Amino acid sequence: RKGKPCPSPHVREEEIKAAFEKALGMMLERRNEIFSAYETMIANLIDTSQQEREMERTQARLDEAHLEMERMARRNAEIAQDQEEYNRAFDALSAKCSVLKEKVSTLKAQLAAKAARKRKLEAFMDKLREKDIPTSFDERTFAAVVDQVAVYPGEGKNAKKLAFRFRDGTEIPVDL
């Protein structure tokens, strides 16, 4: 794709439909290659053991820090202590807890993102499995597999290029 998207693209519905059929046909011709790559990607997305172990370790450290804060507070209530020193130690432990909570939150978000990406790839693969090379435009298929369409100026005068970005991230340009 060359250049920036057209500022005011003028593309007729029939052109979009024809270009989509062409782009989907190109995608379906590579279906087996795509499935093989996706199965590898899905296997990697399924393997969350590293993030889960890291989350368990981080959660254990967070639990220990909370227990230590409780012990410090109990000790402070039972025995007179230097309050400046106590506040300094308590604040440091509190800051450590905040960092650990943020890390747990980040790891949970990573796991959720992997799960969402896996579901998205599986849904896209399911849609490709059920569809033969199209003979006519199908609005449901278009809505199910296309994430975005960008219009670019083509090589010649009044020429345009449509770039279809599919829900799996694949982008296929089609000259009009």
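**Nonpolar cores, an aromatic cluster and a helix contact**

The largest nonpolar core has 23 residues, and those touching the most other members are F20, M27, F124, L128, F164 and F166. Two or more residues of this core come from each of the helices α1 (13–29), α2 (31–46) and α4 (83–130) and from each of the strands β1 (146–153), β2 (160–166) and β3 (171–175). Helix α1 supplies the largest share, six residues. Another core, of eight residues, lies apart from this one and has A65, M69, L93 and L100 among its members. The model described here is a predicted one.

Setting aside residues up to four places away in sequence, F20 touches F137, D138, T141, F142, V145, V146, F164 and F166. With a relative accessibility of 2%, below the 20% limit, F20 counts as buried.

Attention now turns to the rings. Across the whole structure, a search finds five aromatic pairs. One of them joins F20 and F164 in a tilted arrangement, with 6.0 Å from centre to centre and 55° between the planes. Because F20 belongs to helix α1 and F164 to strand β2, this pair ties together parts of the chain that are 144 residues apart in sequence. What is the relative accessibility of F164? The value is 0%, so F164 counts as buried.

A tilted pair is also formed by F137 and F142, because their ring centres are 5.6 Å apart and their planes meet at 50°. F137 is partly exposed, at a relative accessible area of 23%. This value falls between the limits of 20% and 50%, which is why F137 is not classed as buried. Together, F20, F137, F142 and F164 make up one aromatic cluster.

A further set of contacts involves K114 and Q51. K114 is part of helix α4, while Q51 sits in helix α3, which covers residues 49–78. Which residues does K114 contact, leaving aside neighbours within four places in sequence? They are N44, L45, D47, T48 and Q51. For L45, the C-alpha to C-alpha distance to K114 is 5.6 Å, although the two residues are 69 apart in sequence.

Is Q51 buried or exposed? Q51 counts as buried, because its relative accessibility of 16% is under the 20% limit.

Note on methods. Residues are numbered from 1 along each chain as its sequence is written. This is a predicted model: local features need pLDDT of at least 70, side-chain atom pairs count only at pLDDT 80 or more; totals for chains, interfaces and linings use all residues. Side-chain values use heavy atoms; hydrogens and water are left out. A nonpolar core is a set of buried Ala, Val, Leu, Ile, Met, Phe, Trp, Tyr and Cys residues joined through side-chain atoms within 4.5 Å. Buried means under 20% relative accessible area, exposed over 50%, partly exposed in between (1.4 Å probe, protein chains only). Helices (H or I, at least four residues) and strands (E, at least two) are DSSP runs, numbered from the N terminus. Contact means heavy atoms within 4.5 Å. Rings of Phe, Tyr and Trp (its six-membered ring) pair if their centres lie within 6.5 Å; planes under 30 degrees apart count as stacked, over 60 as edge-to-face and the rest as tilted.
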